[in-house]
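Me: Please take a close look at the aromatic residues of this structure. I would then like the account carried on to its other parts in one connected answer.

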Amino acid sequence: MDMNHRSIWRTGLAGLLAGLVLGGAAASAHAGGIITYGETSLGVNEEGHLNFFGEGPGGGLTYGVFRAGVGDAISPGCLCEGWGVSADTSGGSFSTWASIDNGGIGNISGGSFGVSGNQALSNVQSSVLPMDIRHNFGPSLAADVFQVSVTLTNTSATESLSNVTYRRSMDWDVPPSTFNEYVTHRGVEANLVSNGGNVLYASDNGFAYSSPLNPAGQILGGTVNTDFTDSGPADHGSVFDFSFGTLAPGESRSFNIFYGSAPDEAGALDRLNTLNADVYSLGQSFPNAESGEPATFLFAFGGVGGVAPGATEEVPVLPFVTGPGEFTFIDPTPRLWFDPPFAEGFEYEVIGGEFLEVMVPSAAFGFGPLDVLVGGMIVATLDPGENYLFGPGVTNFSIVGFTLDTAAPGFATAFPTFLDFTPGVTSMSMTAILSVPAVPEPSEWALMLAGLGVVAWSTRRRKPAVPA
């Protein structure tokens, strides 16, 4: 990235990202940083690809996907992890990409990067496409697993981009049998474009060139566009191409990448289940494919099953975990479904804007009536699927009164809420309420609402139309 174009990525999240700085900028011409979550560390370069040299839990080394006490699973031998985006315009087909050994940096004109704690935020612009490519790294809802929230935005005011394709590839080099590992792919067949998903191509060629305009190829037979288990042992990895169709002027498409580790295969599968991953790759050392010990590494994707994150309550936007019971959404998009884990209640807050609407999940999620509080007072009680429109000036509110129907399988750890807010919100947080305090009854506070500017909305309840 051109140093003249680099600027620090900023948000209004005062506490967590107050110390955001260019990782490594003072020491080298190429910025990056090491981020750690539990037993997993990632080395993130400023363009959003992995394999960065720096000081971390294992000392000074190149970090790709590192597990404490085990080692790094992708940096030995080939620094091949990377990404690429291609699209068609009126002038032809073009691509932008970033890797170290799989094609270097191609067609990036500028952008911004920052590291703070266990988050890394990369935003770059293509020099050949009207496209902004954002990779936000942070702790996921699963232990030892990072979530990478990827957003592709068509920055043109007039021209659509067609055949938008995103590639992510990496070479597994799993210790202690570096260059001789087992690879597993799951979810590929179910999420192929031909089956209504976004998977255009998948194989075990972790050495594939990062630009999607180059054929990805394969290493071993039986790995193209199919699910497979414990392929190998061999020196191979994974490459995934995702097709996102057409982006209209100003339109964005988001999805998630997950990079992490677990002490064994059962632990990795449990983490993937928590994250509701659509597609995943496992890397395991020889000869331990059955148990996955001493570590199973994972590389997965969410929101690539044909439905973008947040479009439905079943496929919500997932948060970063910024502390015990604290969940954060960076640069959130309004009018989507957002989902933290289940708790007794949640306090919601936005920075850089105001809330406009909240909708609670449908009866399928097994929740009873829920109270919406503003300023500590009940302003609405919502049955499943109902919404509430806020008055002006509301930057935080709470939802309490959870009565979970335990007969509703699969939803005990989820609470999606549909949220609308004004443009310009830089961050949104949800803080779990584990002990719900008593709140005033309507008869006690009706006359007080005028001072909060919510009288006109205090009894508004209606069954909404499907969110636009």
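Reply:
**Aromatic residues**

Phenylalanine 338 and phenylalanine 421 are both buried, where buried means under 20% relative accessible area, exposed over 50% and partly exposed in between, with a 1.4 Å probe and protein chains only. The model is predicted: local features need pLDDT of at least 70 and side-chain atom pairs pLDDT 80 or more, while totals for chains, interfaces and linings use all residues. Residues are numbered from 1 along each chain as its sequence is written, and side-chain values use heavy atoms, with hydrogens and water left out.

The structure contains 27 aromatic pairs; rings of Phe, Tyr and Trp (its six-membered ring) pair if their centres lie within 6.5 Å, and planes under 30 degrees apart count as stacked, over 60 as edge-to-face and the rest as tilted. One of the pairs is formed by phenylalanine 338 and phenylalanine 421, tilted at 45° between the planes and 6.3 Å centre to centre. Because phenylalanine 338 belongs to strand E24 (residues 336-338) and phenylalanine 421 to strand E31 (residues 417-421), this pair ties together parts 83 residues apart in sequence. Strands (E, at least two residues) and helices (H or I, at least four) are DSSP runs, numbered from the N terminus.

Phenylalanine 367 and phenylalanine 415 form an edge-to-face pair, 5.1 Å centre to centre with 80° between the planes. Phenylalanine 367 sits in the loop between strand E26 (355-359) and E27, and phenylalanine 415 in the loop between strand E30 (396-400) and E31, so that distant parts of the chain, 48 residues apart, are linked. Both phenylalanine 367 and phenylalanine 415 are buried.

Ring pairs also build a cluster from Trp83, Tyr166, Phe240, Phe242, Phe244, Phe255, Tyr259, Phe299 and Phe301.

Strand E27 (residues 370-374) holds valine 372, which counts as buried because its relative accessibility is 0%. Beyond its neighbours within four places in sequence, valine 372 is in contact (heavy atoms within 4.5 Å) with residues including Val358, Tyr388, Phe390, Phe397 and Ile399. The C-alpha atoms of valine 372 and glutamate 347, 25 residues apart in sequence, are 9.8 Å apart.

Threonine 395 lies in the loop between strand E29 (387-389) and E30, and counts as partly exposed because its relative accessibility is 30%. Not counting residues up to four places away in sequence, threonine 395 touches Tyr348, Glu349, Val350, Gly353, Glu354 and Phe355. Its C-alpha atom is 7.4 Å from that of isoleucine 351, 44 residues away along the chain.

The account now turns to a helix. Helix H1 (residues 265-275) has Gly267, Ala268, Arg271, Leu272 and Leu275 as its buried residues. They lie on the same side of H1, because they cover an arc of only 135° around the axis, taken from the directions from the helix axis to the C-beta atoms. Strands E13 (145-154), E19 (252-262), E20 (279-285) and E21 (296-302) are among the elements that cover these buried residues. Ala266 and Asn273, on the other side of H1, are exposed. At the start of H1, a side-chain oxygen of aspartate 264 comes to within 3.5 Å of the backbone nitrogen of alanine 266.

Notes: Polar contact = N/O pair within 3.5 Å; in protein donor to acceptor, adjacent residues only side chain to side chain.
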